[in-house]
Amino acid sequence: MGAVNVWEVESSTEFEAARGRSPQARLTARHRELAVGTGILPADPLYRFCDLAWFPRFLGEGERRHVTLYQVRGLEGMTDGMYAAAAPDAAIKVILQRWFNEAA
């Protein structure tokens with residue numbers, strides 16, 4: 001059986017990141033004992049950012065953007081990893097940071 005954690009991630013500017021501001025990431029839902037992600041995950045195709053050893057952070061200029069991420073583990077037909085409903089637009093720079101938590 002698999003699991004899906006849903007995260008709301010806020011972007012920051014490059015200036016804020018250089019000054020040590022960590023973009024906000026908030027766990028909003030945990031779904032356990034799943035065979036498939038139907039009803040939880042958005043419709044295909046999902047955009048895969050990385051495997052579970054990493055967590056994506058977002059840098060951009062202008063107003064803050066919020067991205068919903070899906071941390072998927074052990075679902076049939078899906079590779080474990082971090083997913084979003086769509087790829088980020090060209091104005092957003094994605095930085096992968098090492099993930100040290102056990103999220104299952």
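**Strand pairing and nonpolar cores**

Strand β5 (residues 66-73) is joined to β6 in the antiparallel sense by 3 bridges (strands are DSSP E runs of at least two residues, numbered from the N terminus; pairing requires at least two DSSP bridges). In this pair, Y70 lies opposite Y83 of β6. Strand β6 (residues 81-84) also pairs with β3 (residues 47-50), again antiparallel and over 3 bridges, and there C50 faces M82 of β6. The model is predicted, with local features requiring pLDDT of at least 70 and side-chain atom pairs pLDDT 80 or more, while totals for chains, interfaces and linings use all residues. Residues are numbered from 1 along each chain, and side-chain values use heavy atoms, without hydrogens and water.

C50 and M82 both belong to the largest nonpolar core, a set of 11 residues that also includes W7, F49, L69 and W99. A nonpolar core consists of buried Ala, Val, Leu, Ile, Met, Phe, Trp, Tyr and Cys residues joined through side-chain atoms within 4.5 Å; buried denotes under 20% relative accessible area, exposed over 50%, and partly exposed the range in between (1.4 Å probe, protein chains only). At least two residues of this core come from each of β1 (2-10), β3, β4 (54-60) and β6. A second, separate core of 9 residues includes V4, L34, V72 and Y83.

Beyond its neighbours within four places in sequence, W99 is in contact (heavy atoms within 4.5 Å) with W7, L52, A53, W54, F55 and Q71.

V94 is located in strand β7 (residues 92-98) and is partly exposed, with a relative accessible area of 31%.

How values were computed:
Helix = DSSP H or I, 4+ residues; strand = E, 2+ residues; numbered from the N terminus.
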